[in-house]
Amino acid sequence: MNDFVIECEKLSKSYQDGENQVEVLKGVNLKLTQGEMLAIVGSSGSGKSTLLHILGTLDSQTDGVAKIKGQRVAELSRKEQAKFRNQHLGFIYQFHHLLMEFNAVENVAMPLLIKGQSAKEANIHALAMLDKVGLSHRSLHKPSALSGGERQRVAIARALVTNPALVLADEPTGNLDKQNAIKIYDLIKELNNTLNTSFVVVTHDLELADKLGKIAYLDEGKIAIKESGYVA
Ligand code: ADP
Ligand code: MG
């Protein structure tokens, strides 16, 4: 038994664009053990979101294998994939996607309610998670009453409240200034430390990418992995 949270072998993805076949991923190999973190960098259109969507069971590859927690996710039915996401994965996007008519704790509790927890139980866990992201004093605020950085913290709490093995984040600090972006990365590192959650984070910012330990450079459909620590 290994404890790989991600295993990709010769992963390829192409789109049919009219007459043309666009090859986005051309044989991506990638392994991540439970608790490891990875930043994905690459120019716009290099396939970062495509890769993240395949890892997250939201899209499927044209060729090759993607295993999450040992499971070949493409082989699951749509219904099984939805269950798999709810049990093992968390998602964070550039835009927070919080429900505006619900307050912070209600937003964080939502995945637990979907999972079948009682409202009372979900509320207790959601409050504890909000505390972990430093927002217990904002639990009754609606997103409109929160700052950009606070909204992303709520989105992080929502992604982590089910205790997923893997969190996939697509430019999670794309709407934040540098100071707030650094705080979000420090929070991600702290949560990784205490919960052993693996994170795969797409970012444009090499300095932020460098904080996560491993960097995957996506270029021409191929990936090159480097251990971080060399970016000044
Ligand atoms: P990134 O996130 O790195 O900016 P994407 O993964 O979004 O890049 O897109 C990679 C390439 O795949 C782009 O050239 C994009 O136009 C193309 N692409 C993405 N989704 C589709 C789709 N549904 N149909 C056709 N082409 C797509
Ligand atoms: Mg993208």
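A residue is called buried when its relative accessible area is under 20%, exposed when that area is over 50%, and partly exposed in between (1.4 Å probe, protein chains only). Helices (H or I, at least four residues) and strands (E, at least two) are DSSP runs, numbered from the N terminus.

The structure is a predicted model, in which local features need pLDDT of at least 70 and side-chain atom pairs count only at pLDDT 80 or more, while totals for chains, interfaces and linings use all residues. Residues are numbered from 1 along each chain as its sequence is written, chains are lettered from A and ligands numbered from 1 in the order in which they are written, and side-chain values use heavy atoms, with hydrogens and water left out.

**Helix α1**

Begin by selecting residues 48–55, which make up helix α1. Lys48, Thr50, Leu51, Leu52, Ile54 and Leu55 are buried here. Because six of the eight residues of α1 are buried, the helix is largely enclosed by the rest of the structure. Next select Thr57, which follows α1 and has a positive phi, near 65°.

**Ligand 1**

Select ligand 1 and display the residues around it (a heavy atom within 4 Å). These are Tyr15, Val24, Ser43, Ser44, Gly45, Ser46, Gly47, Lys48, Ser49 and Thr50. Helix α1 gives the largest share of this shell, three residues. By class, the shell has two nonpolar, seven polar and one charged residues; Ala, Val, Leu, Ile, Met, Phe, Trp, Tyr, Cys and Pro count as nonpolar, Asp, Glu, Lys and Arg as charged, and the others, Gly among them, as polar.

Now inspect the oxygen atoms of the ligand. One lies 2.8 Å from a polar backbone atom of Gly45. An oxygen atom of ligand 1 is also 2.9 Å from a side-chain N or O atom of Lys48, and the distance from a ligand oxygen to a side-chain N or O atom of Ser49 is 2.9 Å. Taken alone, ligand 1 exposes 570 Å², of which the protein buries 56% (Shrake-Rupley method, 1.4 Å probe).

**Gln81**

Move to helix α2, residues 78–88, and select Gln81. This residue is buried, because its relative accessible area is 9%. Leaving aside neighbours within four places in sequence, Gln81 is in contact (heavy atoms within 4.5 Å) with Thr57, Val73, Ala74 and Leu76. Thr57 is the residue already visited after α1.

**Phe91 and Tyr93**

Finally, select Phe91 and Tyr93, whose rings are stacked at 6.3 Å centre to centre with 5° between the planes. Phe91 is buried at 18% relative accessibility, whereas Tyr93 is partly exposed at 32%.

Terms used. Polar contact = N/O pair within 3.5 Å; in protein donor to acceptor, adjacent residues only side chain to side chain. Phe/Tyr/Trp six-rings, centres within 6.5 Å; stacked < 30°, edge-to-face > 60°.
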